[in-house]
Amino acid sequence: MAFHLFFLFLLISLLSPIFIHSSHVKDPELVAREVQEKIINATTRRNLGYLSCGTGNPIDDCWRCDHKWFKNRQRLADCAIGFGKGALGGKNGKMYVVTDKGDDPVNPKPGTLRWGVIQDEPLWIIFAHDMVIKLKEELMMNSFKTIDGRGASVHIAGGPCITIQYVTNIIIHGLNIHDCKRGGNAMVRDSPSHYGWRTISDGDGVSIFGGSHIWVDHCSLSSCTDGLIDAIRGSTAITISNNYMTHHNKVMLLGHSDSLTRDKNMQVTIAFNHFGEGLVQRMPRCRHGYFHVVNNDYTHWEMYAIGGSAAPTINSQGNRFLAPNDPNNKEVTKREEWPLSVWKKWNWRSQGDLMLNGAFFTSSGTGSSSSYARASSLSARSSSFVGSITMSAGVLNCKKGARC
């Protein structure tokens, strides 16, 4: 009897979610320890046979094994890792169902995506059926929102796309975001009580402008006018995970400009993503802040994979880099616009990365572990596991009554 009680207690402990509240990221080493515990717990559950679908990806193993995921969608908010782990999205808010693919930038109708994202209260936004939404102007999000595409094939495409400007606690999950265009020189509503004039936008897939506690997970992104995901102007506490990115030039910009020192506090985790066919550069391109690039799969680049300027700290761990056949573009890294005498002091390191087809990473800086504390957000797994960790990157095929 005592053994059975102990076993029951162990099972409940292992399956209990970790609840996380929104706050500024002040202790990255604590963040790393918490995520390491999640990975250990996931491994223990798989070894004991509780979660036969476990992949070793701590985000996916947190929720994907439950075939009743659609009855507890908001559990997803407890599964974030890295610097964006505090992103609550619409947790504890009402469910809002998008039923109408139409769009009115100033007077949106109930049932449309725009009506949901501008509301003042927390909302968990889901979709009634498959749809392609061609926005007429940027989708200006309000704080505490989750856009959850699971259970439907949802495309945001052919017009301006998603803007997260001076808001907080956003989760974007399970969307196909592609062929995004410039918008602007138009009125756009950003809350029930306010609309205003928007200048010309860049045409990003997801534009984060002064935002914090942001999590972009399991999206498929390609072919936008500017960046697929850009974060600038003091944005921080961001996790970009499990995404599948293809067919694009300037993939990801993190940091507005060399002169904007407000981005020195930026912290971004880039984990478990697949950087695939037709990508050229900026995976990511960093300025000023602290960037943890961990357990990603890089199978294509034409110019370089990871670049930066203005002394960013880049911590590359457990990634798999497959260099192109062009002998002139084997280097993973690129320092932009600064001479060797300057960039040799920047803290860039590679730990446990797998270099294939002649790929190489040029490290720089002091090399002391303490210098990377603010660029550490989770415990990296061996690069030999990258294939299994990232095999489900991008939008998942989730059906009710079945595991995703």
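**Entry 1: Cys224**

I began with Cys224 and found that this residue is buried, its relative accessible area being 10%. I was working in a predicted model, and I kept that in mind for each value noted below.

**Entry 2: the disulfide count**

I next asked how many disulfides the structure holds.

**Entry 3: Cys62 and Cys79**

I looked up Cys62 and found that a disulfide joins this residue to Cys79, with an S to S distance of 2.1 Å. I noted that Cys62 sits in helix α3, which spans residues 60–63, while Cys79 belongs to the loop between α3 and β1 (94–98), so the pair ties together parts that are 17 residues apart in sequence. I then read the torsion about the S-S bond of Cys62 and Cys79, which comes to about -70°, and I therefore recorded this disulfide as left-handed. For accessibility, I found that both Cys62 and Cys79 are buried.

**Entry 4: Cys161 and Cys180**

I turned to Cys161, which a disulfide joins to Cys180, again with the S to S distance written down as 2.1 Å. I placed Cys161 in the loop between β6 (154–157) and β7 (162–165) and Cys180 in the loop between β9 (176–178) and β10 (186–191), and I noted that the pair links distant parts of the chain, 19 residues apart. About the S-S bond of Cys161 and Cys180 I read -90°, and the link is left-handed. I checked the two ends separately: Cys161 has a relative accessible area of 3% and is buried, and Cys180 is buried with a value of 1%.

**Entry 5: Cys398 and Cys404**

I then looked at Cys398 and Cys404, which form a disulfide with their sulfur atoms 2.1 Å apart. Is the link of Cys398 and Cys404 left-handed or right-handed? I read 125° about its S-S bond, and the link is right-handed. Cys398 is buried at a relative accessible area of 3%, and Cys404, at 14% relative accessibility, also counts as buried because the cut-off for that class is under 20%.

I returned to Cys224 to ask which cysteine sulfur is the nearest to its own. I found that this sulfur is that of Cys180, 3.4 Å away, and that Cys224 is in no disulfide; the cut-off for a disulfide is a pair of cysteine sulfur atoms within 2.5 Å.

Definitions and conventions. Residues numbered from 1 in each chain as written. Predicted model: local features only at pLDDT ≥ 70, side-chain atom pairs only at ≥ 80, totals over all residues. Heavy atoms only, no water. Helix = DSSP H or I, 4+ residues; strand = E, 2+ residues; numbered from the N terminus. Buried < 20%, exposed > 50% of the residue type's maximum accessible area, 1.4 Å probe, protein only.
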